[in-house]
Amino acid sequence: MTKIKSIFVCQNCGFQTPKWMGRCPGCGEWSTLIEEVEEKVPAEFSFPSSEPVLYADVTEATKKRIETDIKELNQILGGGVVLGSLVLIGGEPGIGKSTLMLQVSRDFATSGEKVLYVSGEESLEQIKLRGKRLGVEGGNLFLLAETNLERIITQAEKLAPEIFILDSVQTAYSSKLSSSPGTISQVREVTNQVFRFAKKNKVCSFLVGHITKEGSLAGPKSLEHIVDVVLYFEGERDHSHRVLRALKNRFGPVSELAIFEMGAHGLKAISNPSAFFLRERPVDAAGSVVVCTIKGSRPLLAEIQALVSSTLFTGNPRRMTIGLDHFRTAMLLAVVEKKLGYGFGGEDIHLNVAGGLTIDEPAADLGVVTAVISCIKNKAVPSGMTVMGEIGLSGEIRSVSQPLARIKEAASLGYNSIVLPKGNIDALKKEKTQGIDFYGAKNIKEALGLIF
Ligand code: TYD
Ligand code: MG
C-alpha cells in the first residue's frame with residue numbers, strides 16, 4: 001500500500017515543505033502554508049512536433065487575431081486576441097472581471113463567434129441578470145455553470161467554441177487531484193489543462209483569477225509563467241475608474257494600459273483619460289499643477305495637489321503622499337530646503353494626485369515641487385501651463401523620456417505653455433510643435449522663476 005504523503009504548500013508563491021512553518025521561506029508571507037496531499041501530476045505535456053527543427057526552416061506563423069469591440073482592450077492585447085492563446089485576467093473581487101468578460105462575450109457572440117462562458121461562481125440566472133444590465137442579447141453565447149474541470153473541458157470540446165471563458169480559476173477543480181479548489185496545486189492543474197485545451201483546439205481562452213491584497217487566495221501570481229498574456233485589473237473601490245494593464249504578453253507590448261469607467265451599464269472605456277482626470281480641476285487654485293506623465297506607453301495628464309500647513313507636531317511634522325512615492329517626495333522636499341532656502345521643519349505637507357491615480361515616474365518631480373511652492377506662495381500656476389522634469393539632488397533638472405508625446409497630449413487639451421528640462425528643448429527644435437511656448441530650465445530655481 002502506498003502511503004499518502006502530505007506536504008505544506010505556500011498559497012502565495014507555491015513553495016513546498018514537508019513541515020509546517022509560520023512564515024514562508026520562499027516569499028516571506030505569514031500563515032500562507034496549507035497542508036495538501038502530495039500529488040504526482042502526469043507530465044503529459046507535448047506539442048505536436050517534438051523534433052529539432054533548423055532555425056531557418058521555421059516559418060513565421062502569421063498570428064491570427066480576433067478583435068474585440070473594445071478598441072482599448074485590443075490595444076492592450078497587441079491588436080486583438082490571438083487564436084489559441086490563453087489570457088489571464090486577475091484582480092480583486094468586485095473590480096469588474098466578470099463584467100468585462102461578459103461584455104467581451106456579448107461582442108464576440110453578436111459578431112458571429114461561438115462563445116462558451118463557464119462560471120463556477122454564479123448561477124445561470126445571476127449571469128443573465130447581469131447580462132440584462134449589459135444589454136446582452138444572446139447570439140452565439142453559451143453559458144455553463146460547472147466547477148469540475150474535466151466535465152468543463154468535455155463540454156467545451158463538444159461545443160467547439162471560438163472563445164472560451166472560465167470564471168474563475170479558483171472555483172474550478174480537477175478530479176485528478178484530491179486537494180480542494182483554490183489551492184495552488186488545483187489552480188495550476190486547471191490552468192495547465194485549459195492551456196492544453198486552448199492550444200490543441202486553437203481556441204481563444206480567458207481565465208479569471210482573484211487576487212486579494214493580502215494574497216490569501218492561491219495567487220494567480222504563480223500562474224503567470226504558464227499563460228500567454230496576463231492582464232491586471234486595478235482600481236479603488238471609491239473611484240469609478242478601473243485600470244486594465246498588461247503585465248506579460250507573448251504576442252504584443254507590455255505595460256500598455258486602458259482606463260475604464262464602471263457605470264450602470266457595465267464598463268466603458270475612457271477614450272480621453274487626460275480630460276477625465278482633469279475634469280474637476282479648480283482653475284487658478286494655488287497648490288495645484290498639471291503634469292504630463294507616461295502610463296504604459298501613452299501620455300496622461302494628471303493633477304498634483306499640495307497642502308502646506310503649520311504643524312501641531314513640533315519636531316515631527318507630517319509628510320503625507322497619496323499616489324506619489326513617499327521616499328522620492330521626501331527627497332524632493334530636502335532638495336527644495338537646501339537649494340531654495342525654505343524651512344519645512346514646522347510644516348505639515350500633504351500631497352495628492354487627484355482622481356486616485358498613482359504616478360511612479362521621476363518626470364513628475366518638477367510637478368511635486370511646483371505644487372508645494374505654489375501653495376506656500378499662495379500663487380496659482382498660470383492657467384494653460386504644465387510642467388515636467390526629473391530633479392536631481394543638486395537641484396538640477398534632468399531630461400524626461402518621450403517629451404514629444406507628452407507635449408502633444410498637453411497641446412491636445414489646450415495647454416499652451418510648458419516648462420521642461422533644458423536638455424529636452426534641443427530635441428524638440430526639429431519637430432513641428434506650433435502654438436506652444438517652451439521654457440527650458442536647468443535647475444529648480446530657474447524653473448520656479450519661469451513658472452511664477
Ligand atoms: P464583477 O464583474 O462581478 O466583479 P468581479 O467579477 O471582478 O468580482 O463586478 C462587480 C461590481 O461591479 C459590483 O459591485 C457591481 C458593479 N457593476 C456596476 O456598477 N455596473 C454594472 O453594469 C455591473 C454589471 C456591475
Ligand atoms: Mg466575478
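This is a predicted model: local features need pLDDT of at least 70, side-chain atom pairs count only at pLDDT 80 or more; totals for chains, interfaces and linings use all residues.

Q: What holds the strands of a sheet together?

A: Strands of a sheet pair through backbone hydrogen bonds, and the pairing is either parallel or antiparallel. Here, an open sheet of three strands pairs in the antiparallel sense, with the order β2-β1-β3.

Q: Which are the edge strands there?

A: They are β2 (16-17) and β3 (33-37), each of which pairs on one side only.

Q: How many bridges join strand β1 to β3?

A: Five bridges join β1 (residues 6-10) to β3, and the two strands run antiparallel. Within this pair, Ile7 stands opposite Glu36 in β3.

Q: In what order do the strands of the seven-strand sheet come?

A: The order of this open sheet is β17-β18-β16-β15-β19-β22-β23, and its pairing is mixed. The strands at the edges, β17 (319-322) and β23 (437-441), have a single partner strand each, so one side of each lacks a neighbour in the sheet. On average, neighbouring strands of this sheet are turned by 25° against each other, direction ignored.

Q: In which sense do β15 and β19 pair, parallel or antiparallel?

A: Strand β15 (residues 288-295) pairs with β19 (residues 385-387) in the parallel sense, over two bridges. Val291 stands opposite Val387 in β19.

Q: Which strands does helix α9 touch?

A: Helix α9 (residues 403-412) packs on the sheet and touches β15, β16 (298-310), β19, β22 (417-421) and β23. The direction of α9 makes about 80° with that of β16.

Q: What angle does helix α11 make with β23?

A: The direction of α11 (residues 444-451) makes about 150° with that of β23. Helix α11 packs on the sheet, touching β19, β22 and β23.

Note on methods
Residues are numbered from 1 along each chain as its sequence is written. Chains are lettered from A and ligands numbered from 1 in the order in which they are written. Side-chain values use heavy atoms; hydrogens and water are left out. Two strands pair if DSSP finds at least two bridges between them. Helices (H or I, at least four residues) and strands (E, at least two) are DSSP runs, numbered from the N terminus. Axes are lines fitted to C-alpha atoms, for helices over the stretch in contact, and angles run from 0 to 180 degrees between N-to-C directions. Contact means heavy atoms within 4.5 Å.
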